[in-house]
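Biologist: I would like to learn how to read the contacts between chains. Please show me the model and take me through it.

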There are 4 protein chains.
Amino acid sequence: MSHLHESKDSLIARVHRIAGQVAAVERELNGDASCATVLHRVAAVRGAVNGLMDEIIAEHLEAHVSRPGLTDAERAEGAEELLAVIRRYSK
Amino acid sequence: MSHLHESKDSLIARVHRIAGQVAAVERELNGDASCATVLHRVAAVRGAVNGLMDEIIAEHLEAHVSRPGLTDAERAEGAEELLAVIRRYSK
Amino acid sequence: MSHLHESKDSLIARVHRIAGQVAAVERELNGDASCATVLHRVAAVRGAVNGLMDEIIAEHLEAHVSRPGLTDAERAEGAEELLAVIRRYSK
Amino acid sequence: MSHLHESKDSLIARVHRIAGQVAAVERELNGDASCATVLHRVAAVRGAVNGLMDEIIAEHLEAHVSRPGLTDAERAEGAEELLAVIRRYSK
């Protein structure tokens, strides 16, 4: 994603944390963790994925819709892309 | 919401359908509907509320962020308002 | 839902609060509330609907799956009904 | 999770697919994928995590609540653990 600058490292750090949590789920499934422990872990992964999604939406909104200097057509396209994701996954 | 035009009737129609479904939940709780029936009904309400939210987000995005003629400051404010809602309720 | 006892009033009270919030959404759409105000209201409705769903799931789990005295077949059926709802609406 | 039998491999396979998708998000953030592409990928991760959670809930429900031969106290405890997760993360 070429428009990312200072925020790219923070997004990558989020993805790394998620990867670590997913690896922990696998270890717990293979080990003797309780069902409840694994459930809470998977719920934490979901929360982290939601947080990542929010931040990428924020990036998109700034870079492709609200940023000064974009053309009207670029803003309209950026808004449409964002709504397509929100509508498809909002259930 | 003053910027609503042709879409206002459709948003109001969505809200009316949701109100009807909520009334149906109450009837089912008072009557002898099965638990599973009520669960599916409440899940349908949630889906309808999510759909309403998506449409209001779409309205907001168009009216306050992407619309031609807004100032940079207006777009920035509109984007911030949208992100505040998304971040607060994305769990 | 015939197995509801002391909790029925509390479920009905939740449904009434949701109905009141839905009516507020309609008033705000018709009035001059800001987009952001309506978004937060609709998000609050969604939270209240999720809370209602959790409580009905709790009722179902107790009445049809975990309650002492049920037959194995009744528990299996109650569990299947619950999973059907969870799988269908977990997106 | 000691009670997993034939389903363990399928849960592990789900976790592996999620890990692969998370790695793809990182590649896309580092590469020149469009914002919209990354958003759809992250949304797909969320869907996969929700699917994993549903399956672990199904395992828990069977192993700790509905399974023939459990004591009443074991069923009550299994139901409480499940509700704790659902209530905490249903927003």
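Modeller: Start where chain D meets chain A: the rule finds six residue pairs in polar contact across that interface, both residues at pLDDT 80 or more. A polar contact is a pair of N or O atoms within 3.5 Å; within protein, one must be able to donate a hydrogen and the other to accept it, and residues adjacent in sequence count only if both atoms are side-chain atoms.

Biologist: Which helices of chain D supply the side that touches chain A?

Modeller: α1 (8–30), α2 (35–66) and α3 (72–89) of chain D each supply at least two residues of it. The largest share, 17 residues, comes from α2(D). Helices here are DSSP runs (H or I, at least four residues), numbered from the N terminus.

Biologist: What ground rules apply?

Modeller: This is a predicted model, where local features need pLDDT of at least 70, side-chain atom pairs count only at pLDDT 80 or more, and totals for chains, interfaces and linings use all residues. Residues are numbered from 1 along each chain as its sequence is written, chains are lettered from A and ligands numbered from 1 in the order in which they are written, and side-chain values use heavy atoms, with hydrogens and water left out.

Biologist: How many salt bridges does the rule find between chain D and chain A?

Modeller: A salt bridge is a side-chain nitrogen of Lys or Arg within 4 Å of a carboxyl oxygen of Asp or Glu. Across this interface the rule finds zero.

Biologist: How do I read interface size?

Modeller: Size is often given as the accessible area lost when the parts come together. Here buried area uses a 1.4 Å probe and is summed over both parts. Between chain D and chain A it is about 3700 Å², with 74% from carbon and sulfur atoms. In residues, 42 of chain D are in contact (heavy atoms within 4.5 Å) with 42 of chain A.

Biologist: What is buried between chain B and chain C?

Modeller: About 3700 Å², of which carbon and sulfur atoms give 73%. The salt-bridge count there is zero. Six residue pairs are in polar contact. α2(B) gives the most to the side of chain B that touches chain C, with 17 residues.

Biologist: How is chain B laid on chain C?

Modeller: Superpose by least squares on C-alpha atoms of residues with pLDDT of at least 70 in both. A turn of 180 degrees and a shift of 0.0 Å along the axis give an RMSD of 0.0 Å. The two copies are therefore related as by a two-fold rotation axis. The same surface serves both: 100% of the contact residues of chain B recur in chain C.

Conventions
Buried area is the accessible area (1.4 Å probe) that two parts lose on being put together, summed over both.
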